[in-house]
Amino acid sequence: MTLNVPQSLYAERRARLAAQLGPDGIAIIPTAPEHLRNRDSDFLYRHDSYFYYLTGFTEPNACLVLTADGHGTLFCNPKDPEREIWDGYRLGPEAAVAALGLNEAFAATELDQRLPRLLENRACVWYPFATHAGLAARVDGWLTPVRARARYGALSPARQSDLCLLLDEMRLVKDAHELALMRHASQISAQAHVRAMQRCARMLRAGHEVREYHLDAELLHAFREHGAQAPAYNSIVAAGANACVLHYRADRAPVRDGELVLIDAGCEYDGYASDITRTFPASGRFTGPQRALYDLVLASQEAAVAATKAGARFTDPHDATVAVLAQGLLDLGLLNTNQHGSVQDVIEKRAYFPFYMHRTGHWLGMDVHDCGSYVEPGEIGAVQERKDPLSGETIKDRPSRILRPGMVLTIEPGLYVRAAADVPEAFHGLGIRIEDDAVVHAHGCELITRGVPVQADEIEALMRG
């Protein structure tokens, strides 16, 4: 798939941002630095999401300066034939203006020289707080010569504001181009999950040793084979009881017949993430206790999906999940009615927490845990205090975000049963999570990751193939 994002889209985003900077406002948006892995080897470079959102430019050592009148200035690596032999082609300032639709561009080496004059006589300087180490100190350094020119009538910005507050709101609702990229990333990731599931069953049937890294290799192969640039996050491939470790990484553990395998993995395609979790029987068939727990998690996800629609609150899917899981934990004997009370008691006391300790979803976009407030902006002052029944901590509850068309979130309930004296042994070491990516629509949501089966019978049928 090739999706040519028009230059005008980035220009429109910059114009929208510029209109929010206020009279005589100016914004500074750097891209991400390169990071040394060891000795002469760098980590695979990944651009800053805010910077890319406004430019579509993927080279390192770049910075965008945008003023309230919409004037965009790029600082980037200059052309250097010798370095390009080693490191690859550079766009360069001369070509950047036309290629990126900006007003002017200069070499990155001129940033410190030119920034003070660009900041002069500005009312407010905006930049991303707490996302770039040392940036606040650099801004102060650029402002020092501006303040020194006060005797010549120069004004220094009286305010500094967090640019993330504006960009987070812009990025929260995806446009058609973003959704197309996310759908494609999801298709690639679904194919990768199918490939890993089928290889696992085939290897075990053939009597071959299977380890977690074998399945991780299948994921990576499928990602790159279909054009994804990289995993969107560190893939989780957890066999057996390893699935009870929420952020477990693919390692050397053996995958055994009769155990479950949990894979949480997604690729990044042209700057946009996908995020899928599937749990499946290693040999292709669920045992009775595995199936009972799996069907419970799936039922809780179905309840969360039904609760995900425009006008609902972000917390509604989580609440729907917890209600189903609480009842199921009582029904399966993982929680005891005599000890824990009714379903409502389980929910209010958070008695389910030892088995389900995370939220049901998060925003998804350019970052796998994407930006955007989870509190409704117009209701942020409406605060209710409550005491957490487990920690005793006082929690300040604010009204949750109202879902709107174009928002994208994950729906990922799970259950994690560690061995314990008061837990039925048949469930010991079972970790199950089911995760899909949902685009909010007016009357429901679109699950863009269902290219990999989720029903237990369909998973078993897939793994027989």
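## Glu-460 in helix H14

Glu-460 sits in helix H14, which covers residues 456–464; helices here are DSSP runs of H or I with at least four residues, strands are runs of E with at least two, and both are numbered from the N terminus. With a relative accessibility of 8%, Glu-460 counts as buried (buried is under 20% relative accessible area, exposed is over 50%, and partly exposed is in between, with a 1.4 Å probe and protein chains only). Setting aside residues up to four places away in sequence, Glu-460 touches Gly-284, Arg-285 and Phe-286, where contact means heavy atoms within 4.5 Å.

A word on the model: it is predicted, so local features need pLDDT of at least 70 and side-chain atom pairs count only at pLDDT 80 or more, while totals for chains, interfaces and linings use all residues. Residues are numbered from 1 along each chain as its sequence is written, and side-chain values use heavy atoms, with hydrogens and water left out.

## Gly-431 in strand S19

Gly-431 belongs to strand S19, residues 430–433. Its relative accessibility is 2%, so Gly-431 counts as buried. Beyond its neighbours within four places in sequence, Gly-431 is in contact with Ala-243, Cys-244, Leu-262, Thr-279, Leu-415 and Tyr-416.

How far apart are the C-alpha atoms of Gly-431 and Pro-78? They are separated by 51 Å, and the two residues are 353 apart along the chain.

## The second largest pocket

The second largest pocket holds about 720 Å³ of space. Some bookkeeping: on a 1 Å grid over the protein atoms alone, a pocket is an open set of points where a 1.4 Å probe fits, with protein on both sides within 12 Å along at least five of seven lines, and lining residues have an atom within 4 Å of a point. Grid points are joined across faces, edges and corners, and the volume is the space filled by probe spheres set on the points.

The lining has 23 residues, with His-318, Asp-319, Arg-359, Arg-386 and Asp-397 nearest the centre of the pocket. Helix H11 (315–331), helix H13 (343–349), strand S15 (384–387) and strand S16 (394–397) are the elements that give two or more residues to this lining. The largest share, 5 residues, comes from H11. By type, the lining splits into 10 nonpolar, 5 polar and 8 charged residues (Ala, Val, Leu, Ile, Met, Phe, Trp, Tyr, Cys and Pro are nonpolar, Asp, Glu, Lys and Arg are charged, and the others, Gly among them, are polar).

## Two positive phi angles

Most residues other than glycine have a negative phi. Asn-121 has a positive phi of about 65° without being a glycine. Asn-121 is in the loop between helix H5 (111–119) and strand S7 (124–127), and is partly exposed at 39% relative accessible area.

Asp-270, also not a glycine, has a positive phi of about 45°. Its loop runs between strand S12 (267–269) and strand S13 (272–273). Asp-270 counts as partly exposed, with 24% relative accessibility.

## The whole chain

The protein has 14 helices and 21 strands. Its radius of gyration is 25 Å, close to the 23 Å that the globule rule gives for 465 residues, so the protein is as compact as a globular protein of that length (the radius is taken over C-alpha atoms, and the rule is 2.2 Å times the number of residues to the power 0.38). Along the principal axes, the C-alpha atoms fill a box of roughly 80 × 55 × 40 Å.

Buried residues account for 51% of the 465. Of the contacts between residues at least 6 apart in sequence, 70% join residues at least 24 apart.
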